[in-house]
There are 2 protein chains.
Amino acid sequence: MKGEQQNREIVFAERPSGTPTLDTFSMRDIGMPQPQVGEVLLKSLYISVDPGMRGFMDKGKDDGAGIRFELDKPITSRSVAQVMESRNDDLPKGTIVHGRLAWQEYQTSKPDGLEQVDPSLAPIATSVSILGVTGLAAYFGMINIGQPQKGETVVISGAAGAVGSVAAQIAKMKGCHVVGIAGSQTKIAYLEQELGLDKGVNYKAAGDLEEAIRKACPNGVDVFFDNVGGELFDAVFANINWKARIVICGQIAGYNSPDPQQGPRPQQKLIKKSARMEGFLVFDHRDRFEAAKKQLAEWYNSGDLKYRENLVEGFEKLPTAFIGLFKGENIGKQMVKVADAQ
Amino acid sequence: MKGEQQNREIVFAERPSGTPTLDTFSMRDIGMPQPQVGEVLLKSLYISVDPGMRGFMDKGKDDGAGIRFELDKPITSRSVAQVMESRNDDLPKGTIVHGRLAWQEYQTSKPDGLEQVDPSLAPIATSVSILGVTGLAAYFGMINIGQPQKGETVVISGAAGAVGSVAAQIAKMKGCHVVGIAGSQTKIAYLEQELGLDKGVNYKAAGDLEEAIRKACPNGVDVFFDNVGGELFDAVFANINWKARIVICGQIAGYNSPDPQQGPRPQQKLIKKSARMEGFLVFDHRDRFEAAKKQLAEWYNSGDLKYRENLVEGFEKLPTAFIGLFKGENIGKQMVKVADAQ
């Protein structure tokens, strides 16, 4: 009987002033919801945790994506779920969907914002990772903003991460000299041996990082796809070429600072190099999502685009999986598996 | 007799560590040069001084424009000159030319790098100001990088200056709400009454500049054409809209700092606003100079583009005219008149 099933949620318990901790979250038992007419009952299968969610935890209204976590309300993130009970003919029982869902084991939902997942195309978890916002961020950031040209040098920070590893492989496919920055020898081996990058730079072991980038990029840096920011940004920025494009995709080094970090102003160098720094949100490009997903799926299925998931099992592991993102330990996309599809 | 004529030059005497002073320069008597076959003897008529020249005084090779002043060698800048003696049939005696010339009253030159000036088109000094690099910087910066659309809000810092005043008027012609920032009430009156801007903001009298910009730009800032940098940049940047374009044209607030200034890192805001910061050098666009000059001349001759020159007379005034640029006193283009055309 459904009434006897357990349901749990994880809410936003406390606004973090720096790096989120376990106190940021609170898990509690809740009742099993009943779908209204037009709604479905969803069971969470895979839940994605992303560094960008840190921004939704800050106070204020200044966020282009329009998402703010509210205290005592469930955290939300991109999730894969299955329809367990349907009062909507478009989403029959058993359908796999993805969308921005609450951190709840079971929840009801209207169909708006849910997209169906075709399990025959690729593993269903990829719909919120390489074929979802993660892959799309890499795709639009690298292709539309970075615009890498054959023979150019492209540097990616956070290159072993979810977005970075896809961005790096796209640049390789475009015929570029691709250098990835990461923080461990395991990651460097992954970049060089598994993903086929031209060079991996371990920023923790490099000593003078600016010099290490210079050595890895003898022709300078034409495209810099930055997921990290801070001093790592500065080291790459020092090596940019004329007409360089700097894609500001993420700022994991700064997400946990309450105010904008201080650093050297980039303007004089931007002038001298006629260079461009550009930020973006993946939803800016939503009118081109379908074509991009199709391309990503082709690359993925042909093996041109390799992809690794860092899978943790258990709904209750969501907070630690999220916090782990800021420790720089994960290779590939951090996902939490909550349940198997039925 | 030519041999009896006086000739003087101003050389780069001492590398400034901050704002240039009179000690940065040294004037001395030199001999009258003799043109070789293919060369001309030029007499300087108008010499332009520009804030960007400060960058050429720094040590190092990291300058996109490739210009470095060498100690004990003459300063160079955009100048208008007249051919006094010719050993080149393409440039007969009396021809007016412009180009990057030495700070010398008389100098010989090969024809490379010299362009003829047609005195019937516009006052000859405009060839190194509104119809020269100054106007071209405003044109390419505003049109190609800022890309203002009708109804958008455009903010220009240093709006009463040489480049800023042209950029502001181009934005007005594009149908934008145009706000100019300047540092005196005289300049604000010039912006609002003479150039027809929608609003002038006196940053020295504004108190909270971020708030003043917010009031002057009720719909936020879509294009920011920045000639100044520093805290003034921060105040405008706080007000940018989604998809804002920030044209980094100049950094007069930072030119005299030996190292990049420190300031809040812009990356997180660039992401949240999907915004772009882009620097440029006018010579990046040299393949489109002729068309742009034609357009600027049309606007100038029709009266749509107003232009003011701040003219100082006397070759020996060049150092003080240059130093004055950093005091924020000039309205319009700072020029030094050395001699009349004959």
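Guide: A salt bridge is a side-chain nitrogen of Lys or Arg within 4 Å of a carboxyl oxygen of Asp or Glu. By this rule, the count over all chains comes to 42 salt bridges. This is a predicted model, in which local features need pLDDT of at least 70 and side-chain atom pairs count only at pLDDT 80 or more, while totals for chains, interfaces and linings use all residues; side-chain values use heavy atoms, with hydrogens and water left out. Residues are numbered from 1 along each chain as its sequence is written, and chains are lettered from A and ligands numbered from 1 in the order in which they are written.

A:Arg308 stands in the loop between helix 7 and strand 15 of chain A, and A:Glu194 in helix 3 of chain A, 114 residues apart (helices, H or I of at least four residues, and strands, E of at least two, are DSSP runs numbered from the N terminus). A:Arg308 is partly exposed at 30% relative accessible area, as is A:Glu194 at 38% (buried means under 20%, exposed over 50% and partly exposed in between, with a 1.4 Å probe and protein chains only).

Another pair crosses between chains, from A:Arg276 in strand 14 of chain A to B:Glu278 in strand 14 of chain B. Their side chains meet in a salt bridge at 4.0 Å, N to O. A:Arg276 is buried, at 11% relative accessibility, and B:Glu278 is buried at 13%. A network of salt bridges links A:Arg276, A:Glu278, B:Arg276 and B:Glu278. Across the interface of chain B and chain A, the rule finds four salt bridges.

Let us now view the interface as a whole. In chain B, 39 residues are in contact with 39 residues of chain A (heavy atoms within 4.5 Å). The buried area, which is the accessible area (1.4 Å probe) that two parts lose on being put together, summed over both, is about 3,500 Å² here, with carbon and sulfur atoms giving 50%. On the side of chain B, the greatest losses to chain A fall to B:Arg265, B:Ile271 and B:Lys272, which together make up 23% of what that side buries.

Polar contacts join 16 residue pairs across this interface, both residues being at pLDDT 80 or more; such a contact is a pair of N or O atoms within 3.5 Å, where within protein one must be able to donate a hydrogen and the other to accept it, and residues adjacent in sequence count only if both atoms are side-chain atoms. Among the elements of chain B that each supply at least two residues to the side touching chain A are helix 5, strand 12 and strand 13. Helix 6 of chain B gives the most to that side, with six residues.

Strand 13 of chain A and strand 13 of chain B run antiparallel and are joined by three bridges (two strands pair if DSSP finds at least two bridges between them). There, A:Gly263 has B:Gly263 as its bridge partner.

Helix 6 of chain B also holds B:Lys269. B:Lys269 counts as buried, at 16% relative accessibility, and its side chain reaches the backbone oxygen of B:Ala238 at 3.3 Å.
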